Amino acid sequence: MTDNAHLARETDATAIRALLEESRAAWNHGDGPAYGRCFTHDATDVTFAGTVYRGGSEIGRAHQALFDGFLKGTELTVEINDIRFYGADTAVVTTCGDVGKRRPKRLGKLATYTVVRESDGRWRIAAVQKTQRRRLMEAVSFRLQPATRPASH
């Protein structure tokens, strides 16, 4: 990779980190419309509960109802594990995180984001899939079937 290409990639990674920070800040402020603006117009959000929302407007609207209800006053914690680029305008971001009234001691949820650079030059979330990490199930699986352990463990 040339120095210019490396610099562009670092600039894009910084912008993607800022996007996820923007979404986290919108969540923490209970601002559904701002949260929805972090997504593309045709985005897909598969929630931890398995609900599928489509499009930034719907994602923002639904999350505002959640922020006004049982997610009121919650904070989203997100730590980026990896950013992998697939061409100049697409990246897959894996994260660990959680939601609660305060920062949890252990981050128990995983999310995979597909982010894209749109025609206005801004990075936005095109898709996100969230799941609960089941550490006990992992441990049993790894013990009984060691070949299932990922190389990163």
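Predicted model: local features only at pLDDT ≥ 70, side-chain atom pairs only at ≥ 80, totals over all residues.
This briefing covers the cysteines and the largest pocket of the structure above. Residues are numbered from 1 along each chain as its sequence is written, and side-chain values use heavy atoms, with hydrogens and water left out.

**Cysteines**

- Searching the whole structure turns up zero disulfides (a disulfide being a pair of cysteine sulfur atoms within 2.5 Å).
- Cysteine 38 is in no disulfide, and its nearest cysteine sulfur, on cysteine 96, sits 19 Å away.
- Cysteine 38 has 0% relative accessibility, so it counts as buried (under 20% relative accessible area, with a 1.4 Å probe and protein chains only).
- Cysteine 96 is buried too, with a relative accessible area of 14%.

**Largest pocket**

- The largest pocket holds about 470 Å³ of space (a pocket is an open set of points on a 1 Å grid over the protein atoms alone, where a 1.4 Å probe fits, with protein on both sides within 12 Å along at least five of seven lines; the volume is the space filled by probe spheres set on the points).
- It has 24 lining residues (those with an atom within 4 Å of a point), and Trp27, Thr47, Phe48, Lys109 and Lys130 are the closest to its centre.
- α3 (56–68), β3 (75–85), β4 (90–100) and β5 (109–117) are the elements giving two or more residues to the lining (DSSP runs: helices are H or I, at least four residues; strands are E, at least two).
- β4 gives the most, with five residues.

Conventions. Buried < 20%, exposed > 50% of the residue type's maximum accessible area, 1.4 Å probe, protein only.
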